[in-house]
Structures are given as C-alpha cells and as structure tokens.
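Okay, thanks for coming, everyone. Let me put the structure up, and then I'll walk you through it.

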Amino acid sequence: MPTGVTRGLYGLQGEAMTEPKHGALPIVVEETPGTKAYCQCGLSDKLPYCDGTHGRENTGIRPMVVEVDSAGKKAICQCHQSKNKPWCDGTHSRL
Ligand code: FES
C-alpha cells in the first residue's frame, strides 16, 4: 500500500480498498466503442481508466475490463458501490 493512503470508506465487493484520489462522484466521459479498463483501486492518474498503478502499488485490486459497444456519454462509478458497475447507478448519493 502506498504511503499516505488509508483504507476504509470505499469497498470493492465487500473488500477494503485504497482511498481514491477523486471522491465518490461518478466521472462522466464521452466514451468511444472498444475494450476499456476502468480503475477500481482509485489510484490511477488517468481516472476513470486504469493506468497500471494498481500493480505497481501491489494493491491486489484489478481494473474492471468491459467492452463498450456504442459511443456516448457514460457516468463511470467512483464510489464502487453501484449495482451496475462500471456504470453509475446513483448509489453514491445515498452513502
Ligand atoms: S490503476 Fe486502478 S485498477 Fe489499475
């Protein structure tokens, strides 16, 4: 675990994870079709996308890889509590 990073608040399917850099609000992107790897550790410098930091920091957390089949605006969950990950389902507003 990187220095200065605490555990708590956010979970990944019931597991503790690192405190994200960004807070719990979704990140809205104009997505393009293709294979996407969305960060689940919260440490990427390219949020909402994985930049490999999870491996360099030995978090034990892996990105969520999905096939996006259509272009358009997408809200990517950052609270990690959505029932429809990687997409935001509004759960962050009830935390
Ligand atoms: S950098 Fe966060 S899951 Fe890869």
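So, first a term: pLDDT is the predictor's confidence in each residue, from 0 to 100. We need it because this is a predicted model: local features need pLDDT of at least 70, side-chain atom pairs count only at pLDDT 80 or more, and totals for chains, interfaces and linings use all residues. Residues are numbered from 1 along each chain as its sequence is written.

Overall, the mean pLDDT of the protein is 82, and 77% of the residues score at least 70. A contact here means two C-beta atoms, placed from the backbone, within 7 Å. Where pLDDT is low, the predicted coordinates should not be read in detail.

Now the fold. The protein has one helix and six strands, in the order β-β-β-β-α-β-β along the sequence. Those are DSSP runs, numbered from the N terminus: helices are H or I, at least four residues, and strands are E, at least two. Of contacts between residues at least 6 apart in sequence, 46% join residues at least 24 apart.

How much is buried? Of the 95 residues, 27%. Buried means 20 or more other C-beta atoms within 10 Å of a residue's own, exposed means 12 or fewer, and partly exposed is in between, with C-beta atoms placed from the backbone.

Last, Thr32, in the loop between β3 (27-31) and β4 (34-38). Thr32 counts as exposed because it has 11 C-beta neighbours inside 10 Å. Thr32 and Lys74 sit 42 residues apart in sequence, and their C-alpha atoms are 9.6 Å apart in space.
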